[in-house]
Amino acid sequence: MWPFRIIRLKGQSMEPDLADGDFVVTSRLFWRLKPGDNIVFSHECYPIMVKRVVEVASNGDVWVRGNHPAKLVG
């Protein structure tokens, strides 16, 4: 299996940095995640999600959110 994959974004949750229809290259190579990184992952409700890392806990838990200003809460 290739370590890289190209996906096309659907939705507006990462605007203005990434827009609906943009293509992104993903990598299965793993390095330490940090706040501000964009990640691609699977979710039980959606086959593929792209979000920005907000926080990484010492136990490995990762909190993420979209980037769209109208969709940010709090």
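**Briefing: a five-strand chain**

The secondary structure of the chain comes to 0 helices and 5 strands, where helices (H or I, at least four residues) and strands (E, at least two) are DSSP runs numbered from the N terminus. This is a predicted model, in which local features need pLDDT of at least 70 and side-chain atom pairs count only at pLDDT 80 or more, while totals for chains, interfaces and linings use all residues. Residues are numbered from 1 along each chain as its sequence is written, and side-chain values use heavy atoms, with hydrogens and water left out.

**Overall form and surface**

- From the N terminus on, the order of elements is β-β-β-β-β, and the C-alpha trace spans about 35 × 30 × 25 Å along its principal axes.
- Of the 74 residues, 23% count as buried, a term that means under 20% relative accessible area, with exposed meaning over 50% and partly exposed in between (1.4 Å probe, protein chains only).
- The chain exposes about 6,100 Å², of which carbon and sulfur atoms supply 55%; the areas come from the Shrake-Rupley method with a 1.4 Å probe.
- Among contacts (heavy atoms within 4.5 Å) with a separation of 6 or more, 32% are between residues 24 or more positions apart.

**Nonpolar core**

- The largest nonpolar core has 6 residues, namely Ile7, Leu9, Met14, Leu18, Val24 and Val50; such a core is a set of buried Ala, Val, Leu, Ile, Met, Phe, Trp, Tyr and Cys residues joined through side-chain atoms within 4.5 Å.
- Leaving aside residues up to four places away in sequence, Leu9 touches Leu18, Ala19, Asp20, Gly21, Asp22, Val24 and Val50.

- As background, most peptide bonds are trans.

**Salt bridges**

- A search of the whole structure finds 2 salt bridges, each defined as a side-chain nitrogen of Lys or Arg within 4 Å of a carboxyl oxygen of Asp or Glu.
- Arg52 pairs with Asp17, their closest N and O atoms being 2.8 Å apart; this pair links distant parts of the chain, with Arg52 in strand β4 (residues 49-56) and Asp17 in the loop between β1 and β2, 35 residues apart.
- Arg52 counts as buried, at 18% relative accessibility.
- Lys34 and Asp37 also meet in a salt bridge, at 3.1 Å from N to O; Lys34 is partly exposed, with a relative accessible area of 46%, whereas Asp37 counts as buried at 14%.
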